[in-house]
Amino acid sequence: MSKIQLSHIWLYVKDTSTSIKFYRDVIGFKITETFPDGSLFHAGSILLGIHREEGDRKSLPGSTVLILRTNNIEKTYKELKARGVTFDGQILDKPYGKIVSFKDPDGYIWELVEEPNQ
C-alpha cells in the first residue's frame with residue numbers, strides 16, 4: 001500500500017488580510033508562501049493554507065475543529081490572550097489533557113491542548 005500523509009489543511013476565508021495577520025501575528029505561524037488570494041503557513045509538522053472564498057468554496061465555521069498542541073497550556077493561553085485571542089472560557093482539565101478553545105476571524109474553532117505527561 002502507498003504511504004499517505006497529511007500534507008496541509010486548507011481554509012477558505014472571507015478576508016485574507018485579516019486572516020494572514022491573525023495566523024502570522026497572533027498565533028505566530030511563519031509564512032512559507034504568499035499568492036494573490038492567500039498564504040501558506042508552516043504550522044508545526046503540517047502546513048496551513050488560507051485562501052479567499054471562491055465559487056462554492058466558502059468558509060464554514062463549526063464544520064471543523066483544528067487542534068494546536070502545546071507543552072504549557074497556561075503559558076500559551078496567557079501569550080495568545082495578550083495578543084488578542086478571545087477564548088471561549090477557561091482551561092478545562094479533561095482525562096485526555098488540558099484544553100481550551102477559541103475562534104479565528106472567520107469563526108473556525110481551534111482547540112489548544114496540553115496532553116498529560118508532557
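Let me begin with a definition: two strands pair if DSSP finds at least two bridges between them, where strands are DSSP runs of E with at least two residues and helices are runs of H or I with at least four, each numbered from the N terminus. What you see is a predicted model, in which local features need pLDDT of at least 70 and side-chain atom pairs count only at pLDDT 80 or more, while totals for chains, interfaces and linings use all residues. Residues are numbered from 1 along each chain as its sequence is written, and side-chain values use heavy atoms, leaving out hydrogens and water.

I turn to the sheet. Strands β7, residues 97-103, and β8, residues 109-114, pair in the antiparallel sense over 6 bridges, and the partner that Lys98 finds in β8 is Glu114. These strands belong to an open sheet of 4 strands with mixed pairing, in the order β5-β8-β7-β6. Its edge strands are β5 (65-69) and β6 (92-94), each of which pairs on one side only.

Helix α2, residues 73-82, lies across β7 and β8 and runs at about 145° to β8, the angle being taken from 0 to 180 degrees between N-to-C directions of lines fitted to C-alpha atoms, for helices over the stretch in contact, that is, with heavy atoms within 4.5 Å.

Finally, which residues does Trp110 touch? Not counting residues up to four places away in sequence, Trp110 touches Leu11, Tyr23, Phe29, Leu48, Leu66, Leu68, Val100, Ser101, Phe102 and Asp104.
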